[in-house]
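Have a look at the model below and keep it open while you read. We'll start where two chains meet and then move on to a few spots inside one of them.

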Amino acid sequence: MFKRKAKKPKEATYREVWQHGDLATKLSFFIMGFAQLKNKQWVKGLSFLITEVVFLIWMVFSGVSALSMLTTLGTIKHKQVVFDKTQGVYITKMPDNSVVILLFGVLAVILVIAMIGLYVANLRSVRHLYALKRDGEHVPTNGEDLASLLDKKLYGTLLAIPIAGVVAFTILPTVYMISMAFTNYDSKHPIGFSWTGFAAFKNVLSGDLAGTFFPVLGWTLVWAICATATTFFFGVLLAMLIESKGIKHKGFWRTIFVIVYAVPQFISLLMMAQFLDLQGPLNTLLLNWGWIAHPINFISASANPMVARITVIIVNMWIGVPVSMLVSTAIIQNLPQDQIEAARIDGANAFQIFRSVTFPQILFVMAPALIQQFIGNINNFNVIFLLTGGYPMNNNYNGAGDTDLLVTWLYNLVFGQTQRYNASAVLGILIFIISATVSLIAYRRTNAFKEG
Amino acid sequence: MKLIKKIALGSSAVIAMTLLAACGKSSSSSDTSSKKVSGDVKLWVDTTQVSYYKTIVKNFNKKYPDVNVKVTQSPNGSANAKTDVGKDPAKAADVFEVPNDQLGSMADQGYINPLSPDATKTVKSDNVATSVKGVTWKNQMYGYPFAEQAQTLYYNKSKLSAEDVKSWDTLTSKATLATDFTNAYNFYPIFFSAGTNLYGKNGETLKGTNVANQKGINALTWLAQQKSNKNVMQTSNTLNQLKSGNAAATIDGPWNTANIKKILGKNFGVAKYPTIKVGGKNVQMKAFLGIEAFAVNSHTPTKDQKAASTLAQFITNKQSQLIVYKQSGQIPVDKSAQKSSTVANDKAAQAIMTMAKPENSVLMPKMSQMATFWNLSAPLLNGSYTGSIKASDYSAKLKTFQDAISKKN
């Protein structure tokens, strides 16, 4: 994917810098910014120096303790209740708050890594200075250095804020959440928890959650495939129908379907849940017409799992088809007509044209979007949570129902009765691995990737 | 590399400041005398209760003018006190409302403090024994009880007589009863009627559950029989069915008394649970008994602890319990409040108080394993009701269930 940069020969080795450099250069290996200061690069030198001083002060006062506490996540694991005689009340002494310790520990690790990066940058800068002086070249002044930030090194200036944002809002929380999977952070250890290695993974994959994990994973995949395939197929079909010759008021038909899409999803879904209720309008209607003798239990807690799963897929079609329709309409309108024309002259019928000319072209354009939809469906929280809430109940599962996806089950584990944060973190990691693998494999197989 | 510098600089400054702030906080000390009660206390109650708890707090301030009380609604209602307080105990209220079954795990996790010996004495002497037992965990009291909740039978007097509702079989032969079998709170007590225990007789014994036997099978068999009973209606919205007239009876709790009164009007009828036939014997249908209580957050600063527990004690005294009863229909647990004329003349209150007696209900256990219990019991009950669990599998399913909820964490 990435082309390797041609390697330039190094200006000088660090060994050479160390052996032939002057005292300031040598000192720079320990005191960052010394060589720069000696060469009157005040801005660069001072920022290196101040950063190192601040880092060392931080290290002494809190960095070391944050890092060492990270290894144990706090030493006091149990609360203590003591009687306060002056107040006449009981006071509880809390265990060490592992959540905070973990957060600051992860932050400290990131800072240390950043500092190592900075040290390497300092060494490079020193080497560059050494080489410039050795070869008798011009050493950039403060002004030139600063000006280059807006010119040659503009990329660095522009990227500074985004990268800081990514580190603070993506990398830090992600590492923090991932590390929870290796602890016993759950409702029994809500404040003081400890590292437990892969125990939580074991629980999910072979322990008390395995009996739920694998069936739910299976249904999640079945659901993602069915939901993606049905919405795509019927969306394309609908688009072709509307676009075909002889259909009047195309705009009107399209608008009607887009309205479904325009209504906020959670409203449509809650409405559907009401509509399909055991005592809901649909059942009442069917009963009144005499089509059924007993109300059909579509999605409630005591429904038949098969009925509920099929219902969910059908309702999802109702919500998802307009989206696919809209996308494929755009593609169909831009299909080259000459190929279709040629096929027709050669005597192909409508189905053959669809199968061999139109459909492959739509698939070619839409394949990446399909993969994205598939991943979206694996994590389709809305449809399941708002429509069925995971119901019907399943007495073989632990905290999940028959229509629960991994992601809704994860939600139950966190916010439900049992509050198993570590197990949820494990699930999150597993969902990521599944999504990443599937999309990577699928994407590399698409024609769009091969030809693009 | 400039940017990395900036990050390093910025973050270390932030950390330094946080640490300074953290150090500053812990050094605060308490120097209030025990005689005079003062402090700042935050009180969490349910959204609908805020208005009358403000009145109660006004009464409190007449007696304790130096305590500054802030009444607010709890984020997700008292039923979710455990999770709400757990999210950030330091930011949660100092005094909050909580159902008694959450007291056990909250006490174990250290979110709440035991009552002081003085408070224990007062609460014990003022309130009925079941409510005291309800807030006691491992021989210490962890909450100030103020109301008791047990489900009871509500029916339409135009369709059913007081004689009809004495037995489940007679009742369902004459009219339709609407209820929700997917709710374990409604139907797990059938196991109690069948003669089993949940966490022993005291509700605190880990290995005390004994459902994996013939009695447990009898309970599940009774549930399965209800599916074929045409006059037992499964619905997730019973009040709608009462309103539309499709159903003439339902089982519900004091929180819905006012609503049902509105729906049924002059036909409003209330009675204790009927008898049911389990395993060939006529037995009393039982209910879960819940005690509503106020608890004190253990994260409350030491200097405010006294004020917080004084407030909790005051808002659960007789006068306050009667205000709550008048405003919301919650049944008081204060001995003399229960005997006051308004409560004694209230049929619904009397029915619930009857249900609260030990022969008709079982106190909700406070074990932390109850979380697993709720997750597993509903599918089990519902599975037997719908028939997705075959009669031949009952014994195996009950064994799995019993083992799962009896696991030490």
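## Where chains A and B meet

Between chain A and chain B there are 10 residue pairs in polar contact, with both residues at pLDDT 80 or more. A polar contact is a pair of N or O atoms within 3.5 Å; within protein, one must be able to donate a hydrogen and the other to accept it, and residues adjacent in sequence count only if both atoms are side-chain atoms. What about salt bridges (a side-chain nitrogen of Lys or Arg within 4 Å of a carboxyl oxygen of Asp or Glu)? The count between these two chains is zero. On chain A's side, the elements giving two or more residues are helix H4 (42-72), strand E1 (80-84), strand E2 (89-93), helix H5 (98-134) and helix H7 (154-180). H4(A) gives the most, with nine residues. Helices (H or I, at least four residues) and strands (E, at least two) are DSSP runs, numbered from the N terminus.

Chain A brings 51 residues to the contact and chain B brings 60, where contact means heavy atoms within 4.5 Å. Together the chains bury about 4,600 Å², and 64% of that is on carbon and sulfur atoms. Buried area is the accessible area (1.4 Å probe) that two parts lose on being put together, summed over both. Gln87(A), Tyr90(A) and Asn395(A) supply 15% of the area chain A buries against chain B, more than any other three residues.

## How to read the model

This is a predicted model: local features need pLDDT of at least 70, side-chain atom pairs count only at pLDDT 80 or more, and totals for chains, interfaces and linings use all residues. Residues are numbered from 1 along each chain as its sequence is written, chains are lettered from A and ligands numbered from 1 in the order in which they are written, and side-chain values use heavy atoms, leaving out hydrogens and water.

## One side of a helix

In helix H12 (residues 281-289) of chain A, Leu282(A), Asn283(A) and Leu286(A) are buried, meaning under 20% relative accessible area (1.4 Å probe, protein chains only). They sit on the same side of H12(A) because they cover an arc of only 95° around the axis, taken from the directions from the helix axis to the C-beta atoms. Helix H11 (265-275) of chain A is among what covers them.

## A buried Asp

Asp402(A) lies in the loop between helix H16 (381-387) and helix H17 (406-415) of chain A. Why does Asp402(A) count as buried? Because its relative accessibility is 4%. Its side chain joins that of Asn394(A) in a polar contact of 2.8 Å.

Key. Buried < 20%, exposed > 50% of the residue type's maximum accessible area, 1.4 Å probe, protein only.
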